[in-house]
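Please read the following note with the structure open beside it. The points are meant to be checked one at a time.

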Amino acid sequence: MNISLQQHDVLTKFYEMNPVPDRQQRESIAKSYGMSNVEVESWFSKCQVVGPEELWQEIILEIIKLQEE
């Protein structure tokens, strides 16, 4: 998952208001913040399992790993 901290923060705010947005809400978020529908759907799915803070740590580790390759 390749999202910025700003995108993560925006998604976290939406998650705090509604952790299970419907398809239309996810599409609106994606369009408004320059993300794909898949990225938004994946973020919410993963966030429901581990929470936003843990998910951000996973994203950071993934980014670091990609930079090292």
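The numbered points below concern a predicted model.

1. The annotated region. An unreviewed UniProt entry carries the annotation "domain: Homeobox", which covers residues 1–44. Over residues 1–44 the chain is 70% helix and 0% strand. The end C-alpha atoms of this stretch are 12 Å apart.

2. Helix H3 against helix H4. Helix H3 consists of residues 37–50 and helix H4 of residues 52–68. Their axes come within 7 Å and cross at roughly 120°. That angle makes H3 oblique to H4, because an angle counts as roughly perpendicular from 65 to 115 degrees and as roughly antiparallel over 145. The crossing in which H3 passes H4 is right-handed.

3. The residues between H3 and H4. On the side of H3, the contact is made by Trp43, Lys46, Cys47 and Val50. On the side of H4, Pro52, Glu54, Leu55, Glu58 and Ile59 take part. The residues of this contact divide into six nonpolar, three charged and no polar.

4. Helix H1 against helix H4. Helix H1 spans residues 5–17, and the axes of H1 and H4 come within 11 Å. These axes cross at roughly 160°. H1 and H4 are therefore roughly antiparallel to each other, since angles over 145 degrees count as such. H1 passes H4 in a right-handed crossing.

5. The residues between H1 and H4. Which residues of H1 meet Pro52, Trp56 and Ile59 in H4? They are Leu5, His8, Thr12 and Tyr15. The residues of the contact of H1 with H4 comprise five nonpolar, two polar and no charged. Pro52 and Ile59 of H4 also belong to the contact with H3.

6. Gln7. Leaving aside residues up to four places away in sequence, Gln7 touches Tyr33, Gly34 and Met35.

7. Ser32. This residue has its place in helix H2, which covers residues 23–32. Ser32 has a relative accessible area of 51% and is therefore exposed, as the cut-off is over 50%. Ser32 and Val49 are 17 residues apart along the chain, and their C-alpha atoms are separated by 25 Å.

Definitions and conventions
Residues numbered from 1 in each chain as written. Predicted model: local features only at pLDDT ≥ 70, side-chain atom pairs only at ≥ 80, totals over all residues. Heavy atoms only, no water. UniProt positions renumbered as here; feature names shortened; annotations may be inferred. Helix = DSSP H or I, 4+ residues; strand = E, 2+ residues; numbered from the N terminus. Axes fitted to C-alpha atoms, helices over the stretch in contact; angles between N-to-C directions. Parallel < 35°, antiparallel > 145°, perpendicular 65-115°, else oblique. Left-handed = near helix turned anticlockwise from the far one by under 90°. Contact = heavy atoms within 4.5 Å. Nonpolar A, V, L, I, M, F, W, Y, C, P; charged D, E, K, R; others polar. Buried < 20%, exposed > 50% of the residue type's maximum accessible area, 1.4 Å probe, protein only.
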